[in-house]
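Subject: Handover of a structure

Dear colleague,

I am handing over the structure below for your attention.

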Amino acid sequence: MSAGSPPPAGKPCPICGKPMVEKYRPFCSARCADIDLHRWLTGAYAIPVTENDDEDGEEPSLAPRPPRED
């Protein structure tokens with residue numbers, strides 16, 4: 001690729017919005033790639049979940065079950 005050619009077509013960098021650079025794909029630089037990695041490692045990216053109730057609607061008991069007599 002020559003210095004005068006346009007940047008590659010595609011989605012912009014998800015961190016800063018600059019054009020993507022193939023070497024750091026899908027980012028524009030090592031800095032943006034590191035920012036994204038930091039967000040993953042610190043838990044900034046998370047999949048939202050909803051807590052489901054127990055099937056019978058009761059809270060599970062935390063007390064141990066008594067031994068069964070056979």
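Leaving aside neighbours within four places in sequence, Cys-32 is in contact with Cys-13, Ile-15, Cys-16 and Phe-27, where contact means heavy atoms within 4.5 Å. Please note that this is a predicted model, in which local features need pLDDT of at least 70 and side-chain atom pairs count only at pLDDT 80 or more, while totals for chains, interfaces and linings use all residues. Residues are numbered from 1 along each chain as its sequence is written, and side-chain values use heavy atoms, with hydrogens and water left out.

Cys-32 is found in helix H1; helices (H or I, at least four residues) and strands (E, at least two) are DSSP runs, numbered from the N terminus. With a relative accessible area of 2%, Cys-32 is buried. Here buried means under 20% relative accessible area, exposed over 50%, and partly exposed in between (1.4 Å probe, protein chains only).

An unreviewed UniProt entry lists Cys-13, Cys-16, Cys-28 and Cys-32 under "binding site". These four span 20 residues in sequence, yet no two of their C-alpha atoms are more than 8.2 Å apart, so they gather at one spot. UniProt positions are given in the numbering used here, feature names are shortened, and annotations may be inferred rather than shown by experiment.

Cys-16 belongs to the segment before helix H1 (30-42). Not counting residues up to four places away in sequence, Cys-16 touches Cys-28 and Cys-32. Cys-16 is partly exposed, its relative accessible area being 40%.

The segment before H1 is also the place of Pro-26. The peptide bond that leads from Arg-25 to Pro-26 is cis, with omega near 5°. Arg-25 is exposed, at a relative accessible area of 58%, and forms a salt bridge with Glu-22, the closest N and O atoms being 3.7 Å apart. A salt bridge is a side-chain nitrogen of Lys or Arg within 4 Å of a carboxyl oxygen of Asp or Glu; by this rule the count comes to one. Side chains of opposite charge can pair when their charged atoms come close.

Leu-41 lies in helix H1 and is exposed, with a relative accessible area of 67%. Trp-40 likewise counts as exposed, at 53% relative accessibility.

A search of the whole structure finds one aromatic pair. The ring centres of Trp-40 and Tyr-45 are 4.9 Å apart and the planes stand at 65°, so the pair is edge-to-face. Rings of Phe, Tyr and Trp (its six-membered ring) pair if their centres lie within 6.5 Å; planes under 30 degrees apart count as stacked, over 60 as edge-to-face and the rest as tilted. Tyr-45 is partly exposed, with a relative accessible area of 30%.

Buried residues make up 9% of its 70 residues. Among contacts with a separation of 6 or more, 6% are accounted for by residues 24 or more positions apart. The accessible surface comes to about 6800 Å², of which 55% belongs to carbon and sulfur atoms; accessible areas come from the Shrake-Rupley method with a 1.4 Å probe, and for residues only the protein chains shown count as cover.

Yours sincerely
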